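Open the structure in your viewer and keep the sequence panel beside it. The tour below goes from one selection to the next.

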Amino acid sequence: MSQNGILDFQNTDKVRFIGASSNLILDTVNSSLGIGLATDDLLKSNLQIVGNAHITAGLTTLGNVAGDKFLGDGSLLTGVALPSDVAA
């Protein structure tokens with residue numbers, strides 16, 4: 001470790017920080033980060049979080065957003081069309 005506290009790993013494919021109940025996994029080959037995973041074989045995307053994520057400033061995506069449920073009154077949603085059989 002250097003004097004300023006930076007861990008410098010070179011030519012490393014994967015780094016694991018093992019905790020009591022979950023791990024932090026950094027896969028440099030696939031540019032992936034896993035937070036809260038039990039094992040590194042569960043890492044299936046570029047960013048995978050098991051548990052809650054707290055985002056304070058906003059979240060922007062260029063792709064689709066999916067979820068089991070969305071909370072709130074929906075008053076700020078745009079671009080959502082009502083089906084023809086639903087009255088506005």
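Where is the place of L7, relative to β1? Select L7 to begin: it sits in the segment before β1. The model you are looking at is predicted. L7 has a relative accessibility of 46% and therefore counts as partly exposed, since that class lies between buried, under 20%, and exposed, over 50%.

Now switch to a cartoon view and select the strands. How many strands form the open sheet, and in what order? There are four, in the order β1-β2-β3-β4, with mixed pairing. β1 (14–18) and β4 (47–49) each have a single partner strand and stand at the edges, so one side of each has no neighbour in the sheet. On average, neighbouring strands here are turned by 10 degrees against each other, when direction is ignored.

Select residues 23–27, which are β2. This strand runs antiparallel to β3, and five bridges join the two. To see one of these pairings, pick D27 and then S32, its bridge partner in β3. β2 and β3 form a hairpin, with four residues between them. Stop at S31 in the turn, where phi is positive, at about 50 degrees.

Go on to residues 32–37, the strand β3. How does β3 run relative to β4, parallel or antiparallel? The two run parallel and are joined by three bridges. Then select L33, which stands opposite L47 in β4.

For the last stop, select A81, in the segment after β4. Is A81 buried or exposed? Its relative accessibility is 68%, so A81 counts as exposed. Finally, draw a distance between the C-alpha atoms of A81 and L7. These residues are 74 residues apart along the chain, and their C-alpha atoms are separated by 50 Å.

Terms used: Residues numbered from 1 in each chain as written. Predicted model: local features only at pLDDT ≥ 70, side-chain atom pairs only at ≥ 80, totals over all residues. Heavy atoms only, no water. Pairing = 2+ DSSP bridges. Axes fitted to C-alpha atoms, helices over the stretch in contact; angles between N-to-C directions. Buried < 20%, exposed > 50% of the residue type's maximum accessible area, 1.4 Å probe, protein only.
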